[in-house]
Amino acid sequence: MWSIYRKEINAFFSSLVGYLVIGVFLITLWLVMFVFPQTSLLESNYASLDQLFSIAPNIFLFLMAAITMRSFAEEHQNGTFELLATRPLRDLDIVLGKYLACMTLVVFALIPTLLYYATVHVLGSPPGNLDSGAIGGSYIGLLFLAGAFVAIGLFASSLVSNQIVAFILSIFLGLLLHWGFYYFSELPIFLGKTDDLVQMIGMEYHYESISRGVLDTRDLIYFLSVIALFIALTLVSLDRRKW
């Protein structure tokens, strides 16, 4: 597993992929938080990081699809997955190695955002007037959300040999699981009856719950279950290709 992990990390940072992903993420957040007047902290009377945690899931949806689309699609397209399969590695080792490499890139992208926290901490009146518990919970929620998007992206990449198709499929599945169930709950058939239950199937409900600063085990189990489900589906997909 660790050999795959090192191979993927080297692939990210020996090309522009890793730097581009981190750069796009940070620049987009900077524009939203300090440049665009509608969302700029400098135009607000209240110092918070709500802008960061509201826009980050949208950015992660596309960036995770971008970094995972090549994971297996490129391997199948170039015929190199067969070489991986002949090594003394289980499919689980290959999938987990790629998954952990993508999550490492996510952590590298989130670490510089602590500068935004320091900036808002100073801008507060009085300085330090922040809900640190909610901010810490939001960071944990982002990590779990990114983990789910990465697992979805790996599954999408394992299904096809075209990276663009894998990218589109990953975004579609991410949109469906994150926001889709909220809109399904607004349908007349569910409204006022089981709309809460339908919303609980989606990731947004649990992300918002963690972002309040309360780590409910039900939310953590939900995200771990989604990650485990799509890793298992990726293994089934890879095994299907062997058939």
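Here is a friendly walk through this structure, from its overall build to a few individual contacts.

The model is predicted, so local features need pLDDT of at least 70 and side-chain atom pairs count only at pLDDT 80 or more, while totals for chains, interfaces and linings use all residues. Residues are numbered from 1 along each chain as its sequence is written, and side-chain values use heavy atoms, with hydrogens and water left out.

Let's start with the confidence values. pLDDT is the predictor's confidence in each residue, on a scale from 0 to 100. The protein chain has a mean pLDDT of 83, with 89% of its residues at 70 or more. Confidence is lowest in helix 5 (residues 81-86), where the mean is 65, and highest in helix 6, where the mean is 90.

Now for the fold. The protein chain contains 12 helices and zero strands. Here helices (H or I, at least four residues) and strands (E, at least two) are DSSP runs, numbered from the N terminus. Of the 243 residues in the protein chain, 47% count as buried. Buried means under 20% relative accessible area, exposed means over 50%, and partly exposed is in between, using a 1.4 Å probe and protein chains only.

Side chains of opposite charge can pair when their charged atoms come close. A salt bridge is counted when a side-chain nitrogen of Lys or Arg lies within 4 Å of a carboxyl oxygen of Asp or Glu. The whole structure holds five salt bridges. Glu-8 takes part in one with Arg-70, at 3.2 Å from N to O. This pair links distant parts of the chain, since Glu-8 is in helix 1 (residues 2-13) and Arg-70 is in the loop between helix 3 (50-68) and helix 4 (73-78), 62 residues apart. Both Glu-8 and Arg-70 are buried.

Glu-8 also forms a salt bridge with Lys-98, where the closest N and O atoms are 2.8 Å apart. Glu-8 counts as buried because its relative accessible area is 1%, and Lys-98 counts as buried because its relative accessibility is 1%. Lys-7, Glu-8, Arg-70 and Lys-98 are linked in a network of salt bridges.

Lys-98 has another contact to look at. Its charged end sits over the ring of Phe-72, 5.3 Å from the ring centre. For this, NZ of Lys or CZ of Arg must be within 6 Å of the ring centre and within 35 degrees of the ring normal.

Elsewhere, Arg-90 and Asp-93 meet through their side chains in a salt bridge of 3.2 Å, N to O. Arg-90 is exposed because its relative accessible area is 53%, whereas Asp-93 is buried because its relative accessible area is 14%.

Aromatic rings come next. Rings of Phe, Tyr and Trp (its six-membered ring) pair if their centres lie within 6.5 Å; planes under 30 degrees apart count as stacked, over 60 as edge-to-face and the rest as tilted. The count by this rule is nine aromatic pairs. One of them joins Tyr-182 and Tyr-183 edge-to-face, at 5.3 Å centre to centre with 75° between the planes. Tyr-182 is partly exposed because its relative accessible area is 35%, and Tyr-183 counts as exposed because its relative accessibility is 54%. Phe-13, Tyr-19 and Phe-108 form one aromatic cluster.

Phe-108 also leads us to the surface. Together with Val-107, Ile-111, Leu-114 and Leu-143, Phe-108 forms a nonpolar surface patch with about 410 Å² of accessible area. Patches are made of residues with over 30% relative accessible area and no salt bridge, joining like charges within 9 Å and nonpolar side chains (Val, Leu, Ile, Met, Phe, Trp, Tyr) within 5 Å. Accessible areas come from the Shrake-Rupley method with a 1.4 Å probe, and for residues only the protein chains shown count as cover. Ile-111 counts as partly exposed because its relative accessibility is 46%.

Leu-169 belongs to helix 9 (residues 163-185), and its C-alpha atom is separated by 9.4 Å from that of Phe-155, 14 residues apart along the chain. Leu-220 is in helix 12 (residues 217-242). Leu-220 and His-206 are 14 residues apart in sequence and 8.2 Å apart in space, C-alpha to C-alpha.
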